[in-house]
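Welcome! Let's take a friendly walk through the pockets of this protein and the residues around them.

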Amino acid sequence: MALARWKRLARRTVHRNPWWRYVRDDVLLPSDRRGEYHFVHTPGSVMILPVREDGRLILVRQYRYLNDRDSIEFPAGGVKKGQGREEAARAELCEEAGCEAERLEVMGFFNPFNGVTDELCTVYRASGLRACAGQPDETEEFERLCCTP
C-alpha cells in the first residue's frame with residue numbers, strides 16, 4: 001500500500017548562514033488541509049569509520065556545546081559548498097583523526113534527524129591509514145581514541 005504524499009505549495013528561506021538554511025514550506029496534507037513544515041536544509045554530511053591495520057577503530061572525543069558535555073564519535077562533518085562527499089570525508093578524517101586513507105569505501109547513507117533536516121550523511125570505511133597534519137577548525141578540539149570493535 002502506498003502511503004499518502006504531501007504536496008508542497010510554496011517554499012521560503014527563513015534564515016541562512018554559512019552552514020545551513022532554515023526553510024518553511026506551505027503544504028497541502030492528504031486530508032486537504034493546509035499546513036506548514038519547518039526544516040533545516042544542508043548540503044549533506046559525511047561520517048568516517050577509520051579502521052587501523054590491527055582492526056581497531058579510531059574515534060574522537062570532543063566538546064559539544066548544545067549538550068554542554070564531551071561526546072565520543074566517529075570523525076564526521078558537513079559537506080561544504082562546492083565540495084564533493086569524498087573530498088569532505090578525506091578532509092574531516094585528516095582534521096579530526098589525524099590520518100589519511102589509502103582506501104575510502106562507501107558503506108551507506110542515513111538521515112541523522114529526518115523530522116528536522118533533509119541532510120543525507122554518507123558513511124565511509126577508511127583503511128590503509130597513515131598520519132597527516134590536519135588542523136581542526138577554530139571551534140573544535142579533539143582527543144583521538146582507539147577502540148576494539
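## The second largest pocket

Sorted by class, the residues lining the second largest pocket are five nonpolar, four polar and four charged. This is a predicted model, and in it the pocket holds about 280 Å³ of space. Its lining has 13 residues, and those nearest the centre are Trp6, Arg11, Asp25, Tyr37 and Phe39. Strand 1 (7-16), strand 2 (21-28) and strand 3 each give two or more residues to this lining.

## An aromatic pair

Two of those central residues, Trp6 and Tyr37, meet again here. The structure holds one aromatic pair. The ring centres of Trp6 and Tyr37 are 5.7 Å apart and the ring planes stand at 75°, so this pair is edge-to-face. Because Trp6 sits in the segment before strand 1 and Tyr37 in strand 3, the pair ties together parts that are 31 residues apart in sequence.

Tyr37, at 30% relative accessibility, is partly exposed.

## The largest pocket

Now for the largest pocket, with about 1,900 Å³ of space. It is lined by 47 residues, and Trp19, Arg64, Gly77, Gly78 and Glu119 are the closest to its centre. By class, this lining has 18 nonpolar, 12 polar and 17 charged residues.

Which elements supply at least two residues each to the lining of the largest pocket? They are strand 3 (34-41), strand 4 (45-50), strand 5 (57-64), strand 6 (69-73), strand 7 (76-78) and helix 1 (85-97).

Key:
Residues numbered from 1 in each chain as written. Predicted model: local features only at pLDDT ≥ 70, side-chain atom pairs only at ≥ 80, totals over all residues. Heavy atoms only, no water. 1 Å grid on protein atoms, 1.4 Å probe; cavity = no way out; pocket = protein on both sides within 12 Å on 5 of 7 lines; lining within 4 Å. Points joined across faces, edges and corners; volume = space filled by probe spheres on them. Helix = DSSP H or I, 4+ residues; strand = E, 2+ residues; numbered from the N terminus. Nonpolar A, V, L, I, M, F, W, Y, C, P; charged D, E, K, R; others polar. Phe/Tyr/Trp six-rings, centres within 6.5 Å; stacked < 30°, edge-to-face > 60°. Buried < 20%, exposed > 50% of the residue type's maximum accessible area, 1.4 Å probe, protein only.
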